[in-house]
Amino acid sequence: MSKQVKTIGVLTSGGDAPGMNAAIRAVVRTAIASGLKVKGIRRGYSGLLEEDIVDMSSISVADIIQRGGTILYTARCAEMRTEEGQKKAAEICRKHGIDGLVVIGGDGSFQGARVLANLGINTVGLPGTIDLDIACTDYTIGFDTAVNTAMQAIDKVRDTSTSHERCSIIEVMGRNAGYIALWCGIANGAEDILITERYDGNEQRIIDNIIEKRKVGKKHHIIVNAEGIGDSYGMAKRIEEATGIETRATIIGHIQRGGSPTCKDRVYASAMGARAVDLLRNGKTNRVVGYRAGEFVDYDIQEALEMKKDIDENLYQMARKLSR
Ligand code: ADP
Ligand code: F6P
């Protein structure tokens, strides 16, 4: 078992996600309530390498639970991918007395955490990404807010699309993963949902579908397109040419990453933040916290990174049936 942890460091890394602040607040307050010190590391691994490290108190995380983004800022850091950078990061943790590190981020950030764990720093990862693409968990901090933001935006596009009897392609984020697209596709009643994990590139099938739906009286045609497929403007042009139906593309973009977190993101991020500290206090380190089958769980970081995840086939097939 690792020696008793006295000082916890916390950082956010990779793309920000609504709810990260709730997680930071929970880490800080749970640690302080347990008599531990907390240091906030700004701008992810970049800030760690630059020793941009500040003492955190209970008051320093007041008035943040409702705010999107991350008060600790975030970054992508190339140096952390090098052996030299990684050794330096571990040394800096030791120099600042950080004997437990909470890393809030996505898979990439967990790779960095795993390296630090192998270099002797006790780490715990919290899944923070709007993309929901972390294999060991059914929930990631920020997904719920992002998907609700995208859903509301698509509802708005649908209003104007129906009024003008147009076809609309709406591109949502998710990097290579189609979770936001699939959930919005279902929630917004899209006629077509294009996700990286399943799309076969058959544009003619979409065109036939649009023409068929028009014939049976549909006034709009909503296509939710995942970022990983992209090319929404090109697709809109080709569809308009082929069908003669006015077609517009909307890329929702970074609006999906911001905004006040939903209740779910605040509560789950808080629970995960508290669990991270409890794990470190109890000597259970080099873990990733997740949520599976209705429970908060934790896995060995190496094991978590080796897990694979795919779109729920039943959900995907249901979405296809409902869009007919
Ligand atoms: P996310 O954490 O959202 O997946 P990234 O993939 O951009 O975002 O990773 C965030 C940061 O984690 C990177 O900028 C880098 O500093 C660190 N990181 C990513 N991959 C590795 C790796 N293989 N080894 C060490 N650090 C890594
Ligand atoms: O990982 C979150 C995410 O918003 C992805 O959905 C998207 O592909 C990417 O980050 C965008 O990154 P950036 O903000 O660096 O453009």
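The structure is a predicted model. Within it, Glu-191 sits in the loop that joins helix 6 (179-187) to strand 7.

Two polar partners of the Glu-191 side chain can be named. The side chain of Lys-218 forms a polar contact with that of Glu-191 at 2.7 Å, and a polar atom of the Glu-191 side chain is 2.8 Å from the backbone nitrogen of Ile-222. Setting aside neighbours within four places in sequence, the residues in contact with Glu-191 are Asn-209, Lys-213, Lys-218, His-220, His-221, Ile-222 and Ser-323.

## Second largest pocket

Glu-191 is also one of the residues nearest the centre of the second largest pocket, together with Asp-192, Arg-205, Asn-209 and Arg-320. This pocket has a volume of about 410 Å³ and a lining of 18 residues. By class, the lining comprises nine charged, seven nonpolar and two polar residues.

Strand 7 (192-194), helix 7 (203-215) and helix 11 (313-322) each supply two or more lining residues. Helix 7 contributes the most, with four.

## Largest pocket

The volume of the largest pocket is about 880 Å³. Its lining consists of 36 residues, and those closest to the centre are Arg-76, Asp-107, Gly-108, Ser-109 and Arg-175.

Helix 4 (residues 107-118) provides the largest share of this lining, seven residues. The lining of the largest pocket contains 13 charged, 13 polar and ten nonpolar residues.

Note on methods:
Residues numbered from 1 in each chain as written. Chains lettered and ligands numbered in written order. Predicted model: local features only at pLDDT ≥ 70, side-chain atom pairs only at ≥ 80, totals over all residues. Heavy atoms only, no water. 1 Å grid on protein atoms, 1.4 Å probe; cavity = no way out; pocket = protein on both sides within 12 Å on 5 of 7 lines; lining within 4 Å. Points joined across faces, edges and corners; volume = space filled by probe spheres on them. Nonpolar A, V, L, I, M, F, W, Y, C, P; charged D, E, K, R; others polar. Polar contact = N/O pair within 3.5 Å; in protein donor to acceptor, adjacent residues only side chain to side chain. Contact = heavy atoms within 4.5 Å.
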